[in-house]
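Here is a friendly walk through a two-chain model. Please have a look at the structure first, and then read on.

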Amino acid sequence: MRVKLLSFGVLKDLLRVGTEEIEVPAGSTVADVLQIVEQRTSNHRMNHEVWHSLAVAVNREYSSVGVVLRDGDEIALLPPVSGGAIKDGAACGRNHER
Amino acid sequence: MSVEIVDSAIDQQAIVAGIKAGGDGAVCVFDGIVRDNTRGRKTVHLDYEAYREMALEQMTRLAAEAVEKYAVRDVAVVHRLGRLYVGETSVLIVVASAHRAAAFDACRWLIDTLKKTVPIWKRETFADGVVWADGEPFPEHLAARPQGAQG
């Protein structure tokens with residue numbers, strides 16, 4: 001089946017995915033698509049922190065990695081959002097709690 | 001409720017004037033503007049981009065949730081995309097309510113939640129370089145947490 005893949009912000013630069021369609025086996029999950037993207041970009045220096053802080057939307061709804069995809073689904077890879085005004089504070093890195 | 005994503009200047013006066021009604025005792029406005037620096041680095045301009053359809057859906061949902069959660073009468077949420085310069089408004093949130101406490105609370109909740117969940121990103125052009133802004137970490141229930149990418 002074919003699914004549409006989108007990425008935004010820093011991920012668009014890192015993954016070199018803008019908007020494209022990819023072929024995946026029936027029954028594939030969000031995690032499977034992430035693995036395909038990761039393998040494809042493994043020659044590049046993938047920013048570990050960005051990869052682990054992303055969210056995924058399926059058909060414009062936030063989704064977990066276990067979601068099973070259907071033909072024609074739109075999967076978007078979203079880095080942490082930064083709309084609105086610039087955030088205050090002096091912290092330079094991301095504020096991960098893990 | 002008025003929820004919009006626009007590509008040109010946000011007309012704050014018109015939006016504030018348009019939301020007022022007889023039963024309101026307070027209109028609370030949050031005007032998010034482009035600052036001239038980030039952590040001391042001089043900002044030249046910002047470029048905002050969005051996953052537009054999803055961002056609009058998310059903003060619409062937040063607006064409805066704010067009205068219900070804080071029992072305010074009406075809200076307007078507008079975000080601008082594209083290139084913005086210092087002092088320009090990137091996001092405007094207006095809350096109309098019979099009483100000020102609810103208006104303040106709803107306004108604060110709307111901007112805080114928008115900044116964590118609505119798929120909009122900005123690229124900052126400084127006098128000495130260009131970066132994608134660090135985003136707010138996604139709330140736990142929205143993050144995908146993929147495995148792999150160890151390198």
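## A sheet, a buried aspartate and a contact

In β5(A), the residue standing opposite Ala55(A) is Leu78(A). The strands β3(A) and β5(A) pair in the antiparallel sense over 4 bridges; strands count as paired if DSSP finds at least two bridges between them. Helices (H or I, at least four residues) and strands (E, at least two) are DSSP runs, numbered from the N terminus.

A word on conventions: this is a predicted model, where local features need pLDDT of at least 70 and side-chain atom pairs count only at pLDDT 80 or more, while totals for chains, interfaces and linings use all residues. Residues are numbered from 1 along each chain as its sequence is written, and chains are lettered from A and ligands numbered from 1 in the order in which they are written.

An open sheet with mixed pairing is formed by 5 strands in the order β2-β1-β5-β3-β4 (chain A). Because β2 (19–23) and β4 of chain A stand at the edges with a single partner strand each, one side of each is left without a neighbour in the sheet.

Is Asp73(A) buried or exposed? Asp73(A) is buried, because 20 other C-beta atoms lie within 10 Å. The cut-offs are 20 or more such atoms within 10 Å for buried, 12 or fewer for exposed, and partly exposed in between, with C-beta atoms placed from the backbone. Asp73(A) sits in the loop between β4 (61–63) and β5 of chain A. Leaving aside neighbours within four places in sequence, Asp73(A) is in contact with Val3(A), Val58(A) and Asn59(A); contact means that C-beta atoms, placed from the backbone, lie within 7 Å. Of the 98 residues in chain A, 36% are buried.

Next comes the meeting of the chains, to which chain A gives 37 residues and chain B gives 38 residues. On the chain A side, α2(A) supplies the largest share, 5 residues. The table sorts that side by class.

| Class on the chain A side | Number |
|---|---|
| nonpolar (Ala, Val, Leu, Ile, Met, Phe, Trp, Tyr, Cys, Pro) | 22 residues |
| polar (the others, Gly among them) | 11 residues |

Finally, in chain B, the buried residues of α3(B) include Ala102(B), Leu110(B) and Ile111(B). The buried residues of α3(B) pack against β2 (26–33), α2 (52–70), β5 (74–80) and β7 (89–97) of chain B.

Technical notes
Contact = placed C-beta atoms within 7 Å.
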